[in-house]
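Here's a quick briefing to read with the model open beside you.

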Amino acid sequence: MQVSVKWLHDYIDFTETAEELADKLTMAGIPVENVIRADEGLDKVVTGRIEKIEVHPDSDHMVITSMNVGAAEPVQIVTGAQNVREGQIVPVAMIGAKLPNGQKISKGKLRGVQSNGMLCSAEELKMDVTALPKEQTEGIYILPEDTPVGIPASSVLGLDDVVLEFELTANRGDCFSVLGLVREVAILTGNEPKWPVIEVNEDDAAKASDMIRIGIQAEDLCSRFSARVLKNVKIGPSPKWMQQRLEGAGIRAINNVVDVTNFVMVELGQPMHAYDYDQIAGHSLTARRAVEGENLHTLDDSERLARGNELVIADSEKPAGLAGVMGGLESEVTDSTTAIVLEAACFNGASIRRTSRACGLHSEASGRFERGTDVTATIRALDRAAQLLQEMGACTVTQGVVDVYPVAKEPVHVTFTAEQINSRLGTEIPAERMIEILEKLYFKVSPQEGGVYSVEVPSWRNDVTFMEDLCEEIARIHGFDNIASTTPRGNVTQGGQKPLQAFADRVKLALTHMGMCEEVSFSFTSPEIFDKMELPEDSSLRKAIPIMNPLTDEFPLVRTTLLGSVLENAVRNLSRKNEDIKIYDVAPVFYPKALPLTELPREVVKVAGFMTGRRNPVGWSNDSAPIDFYDAKGIVEDLLEMLEISRYQVEAGEYTAMHPGKTALFKKGKEVIAAVGELHPKVAENFGITKKAYVFEMDLLTLLKYTVAKNSCTALPRYPGISRDLAMLVDENVSAAEIERTIARNGGKFFAGVTLFDVYQGKQIAAGKKSMAFSIQFQSNDKTLTDAEADEGFQGILEAVQKEFDAELRG
């Protein structure tokens with residue numbers, strides 16, 4: 001927000017310079033970002049009268065002027081402008097001036113004739129040429145005939161102002177108005193404000209209530225809706241002083257009606273809107289939720305389809321405006337308007353913010369509603385607007401105000417003691433000083449028993465609800481620089497990560513050490529990702545939570561699978577010719593218990609990875625062999641080993657987005673702890689991945705459950721072990737994991753481990769069969785085993801595999 005110092009001076013006198021005032025406001029928690037001087041570069045530009053014009057002897061387009069600039073002698077200036085005439089008053093840049101456009105004025109000769117200055121155009125003075133008539137934008141800028149000679153041109157042009165640009169925090173909605181800032185200036189400078197006297201003369205016999213009906217259907221989004229009706233409206237330009245005040249606030253003047261609504265918005269902090277009365281269907285306005293699919297035709301001549309959660313002001317047929325954001329085009333005030341309805345309302349800030357973001361529209365009004373407005377100020381704003389238009393002779397005012405105020409706002413009361421305030425601030429401010437500060441900020445303070453004070457909060461201070469808020473008010477006015485710095489005291493506890501967070505870091509470190517790169521992704525997805533991953537229509541992964549206000553329309557859902565995010569990032573890398581990829585992500589996915597949400601979803605942290613391209617970096621000593629299934633499987637096995645997860649089984653299986661014939665499931669009992677496999681060819685095609693790729697996914701909490709909580713050490717065996725090899729023919733569908741489980745169950749008390757070391761299918765093996773060879777170890781911690789003891793365990797294994805798998809032993 002920005003406000004001119006002149007506008008502040010309209011309501012309060014102060015002697016501080018703009019810079020000094022900016023410092024005081026900033027130190028009081030009303031930060032001023034910039035001090036902008038409108039007259040920068042105009043310090044040596046004065047008004048001058050053209051006393052005489054002579055033809056230039058050596059030029060057919062230049063003339064020699066004799067200028068009266070208030071000095072003892074006239075000043076000779078040569079100009080090429082064609083619109084100058086004797087007797088005109090114009091801006092004159094004297095020798096030494098440096099104009100706003102950077103041009104320096106110095107003595108010189110033009111075609112042999114001395115020139116001691118320059119006559120200035122609007123563009124050279126950096127005036128807003130869009131607000132000027134065409135004749136004033138071409139050639140020298142002509143000032144009014146009654147303009148005094150020799151005075152600073154900035155004062156005549158309205159450029160002798162200073163603008164304060166504020167960077168206000170969202171909680172100080174009351175300071176998004178001139179009068180709110182005046183309250184702050186008053187207490188900081190010790191001067192009394194001169195509040196505007198708001199009086200309106202209802203000089204039209206018609207009653208507003210007979211001409212317009214208003215209502216509220218969405219009371220949770222609109223707490224008050226007020227309106228006035230003005231007749232005999234005459235559309236025209238607003239007074240120059242009002243245009244200058246609006247310009248200082250960064251608002252362009254349009255016409256008297258629009259300018260007045262903008263002026264009142266900045267002055268009082270209450271946004272308003274004016275409707276053409278004759279364009280309101282049914283002469284009724286209602287604050288209601290938009291109907292999904294309803295057309296919203298706004299003042300920027302854009303048409304939008306309502307989503308159904310926007311608040312609109314609607315007449316009896318259609319929306320007449322997007323509440324708190326922008327009015328409707330059909331009810332816009334035009335040159336032919338003869339009667340208007342002035343609307344002032346109080347809307348729910350969160351609703352306006354969502355609508356503004358969803359529509360991509362931000363206005364001065366929406367910014368104020370988002371921060372909260374004073375619900376008690378609507379009628380005052382209507383009266384002020386009617387008063388200003390009436391003073392311009394631009395309307396007559398009908399009788400009364402139509403006001404819908406379902407639930408009146410109750411005053412907020414907060415209690416405090418001086419001891420509480422001083423204890424929190426570390427100060428010794430007397431109670432009398434605290435009361436003085438609060439009362440000057442228009443809080444009503446009433447003493448209670450036991451040194452307790454009850455404070456009634458002004459209606460415009462929506463940010464004050466607790467005793468701590470009063471602490472802030474007292475501290476900022478007392479002066480933060482007047483509060484001594486102290487070292488905080490208290491019991492300090494050491495922070496730390498939760499076990500799952502620490503475990504996630506451990507997993508990331510392990511994968512990074514294995515040559516993989518971590519990616520970072522958003523927790524958002526889209527239905528198209530589910531389609532690309534070939535998820536069945538009834539898949540639980542499709543039951544994703546919709547986002548009410550997504551960052552973009554491309555990602556309207558909260559993700560249920562991490563593989564989709566990994567694949568998207570992989571495609572992004574491949575499209576940039578980064579074809580050797582080893583990436584992983586450790587991030588949450590979200591599973592709702594029901595849709596629409598009735599309780600918080602279940603958040604599960606997953607680990608997912610993607611691999612494609614060459615196995616080794618490009619180099620003269622490295623081969624160019626591509627990554628295969630066993631590289632990805634090795635990554636998972638190495639990770640489990642580093643996490644000290646053992647005694648799992650690896651089986652062929654099926655998993656989301658993976659090739660059903662080239663997928664391995666790592667299991668502990670019946671629970672899957674990891675899945676790794678080649679990317680399904682159809683999924684790869686859907687994502688535009690043309691080379692073979694491999695993916696894996698794990699549940700972090702499941703991994704944590706099976707990792708070793710405490711490390712333990714076991715002495716190395718003192719006695720040698722005995723190894724037996726077992727080679728057998730089994731059906732080709734039998735997995736090594738099944739056989740290994742059987743061997744472990746039947747190996748006896750000296751069984752120490754089993755390793756598959758050969759698998760063969762070929763000419764010497766019958767169709768539908770395969771040869772598998774295992775190395776089985778037997779060992780005792782107490783003695784040296786005999787062959788007989790090892791043979792006893794081996795015999796049990798033989799009988800079991802023959803029985804369970806119909807295995808045929810090979811010699």
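Is Cys346 buried or exposed? Cys346 counts as buried, because its relative accessibility is 8%; buried means under 20% relative accessible area, exposed over 50% and partly exposed in between, using a 1.4 Å probe and protein chains only. This is a predicted model, where local features need pLDDT of at least 70, side-chain atom pairs count only at pLDDT 80 or more, and totals for chains, interfaces and linings use all residues. Residues are numbered from 1 along each chain as its sequence is written, and side-chain values use heavy atoms, with hydrogens and water left out.

**Cysteines**

- Searching the whole structure for disulfides turns up zero, a disulfide being a pair of cysteine sulfur atoms within 2.5 Å.
- Cys346 is in no disulfide, and the nearest cysteine sulfur, that of Cys222, sits 7.6 Å away.
- Cys517 is partly exposed, at 48% relative accessible area.

**Helix packing**

- A word on terms: helices (H or I, at least four residues) and strands (E, at least two) are DSSP runs numbered from the N terminus. Axes are lines fitted to C-alpha atoms, for helices over the stretch in contact, and angles run from 0 to 180 degrees between N-to-C directions.
- Helix H8 (residues 349-359) packs on helix H9 (residues 364-371) at about 140 degrees, with the axes 7 Å apart. That makes H8 oblique to H9; angles under 35 degrees count as roughly parallel, over 145 as roughly antiparallel, 65 to 115 as roughly perpendicular and the rest as oblique.
- H8 passes H9 in a left-handed crossing, where left-handed means the near helix is turned anticlockwise from the far one by less than a right angle, and right-handed means clockwise.
- On the H8 side the contact (heavy atoms within 4.5 Å) involves Gly349, Ile352, Arg353 and Ser356, and on the H9 side Ser366, Phe369 and Glu370.
- That contact of H8 with H9 has two nonpolar, three polar and two charged residues. Here Ala, Val, Leu, Ile, Met, Phe, Trp, Tyr, Cys and Pro count as nonpolar, Asp, Glu, Lys and Arg as charged, and the others, Gly among them, as polar.
- Helix H14 (residues 499-513) and helix H17 (residues 629-642) cross at roughly 135 degrees, their axes coming within 10 Å. H14 and H17 are therefore oblique to each other, and their crossing is right-handed.
- Arg506, Val507, Ala510 and Leu511 of H14 meet Ile635, Leu639 and Met642 of H17. The contact of H14 with H17 divides into six nonpolar, no polar and one charged.

- Most residues other than glycine have a negative phi, and most peptide bonds are trans.
- Arg111 has a positive phi of about 55 degrees although it isn't a glycine. You'll find Arg111 in the loop between S7 and strand S8 (113-115), partly exposed at 48%.
- Asp806, also not a glycine, has a positive phi near 50 degrees. Asp806 lies in the loop between helix H21 (787-805) and strand S39 (808-809) and is exposed, at 58% relative accessible area.
- The peptide bond from Leu595 to Pro596 is cis, with omega near 0 degrees. Pro596 belongs to the loop between strand S30 (581-591) and strand S31 (602-612).
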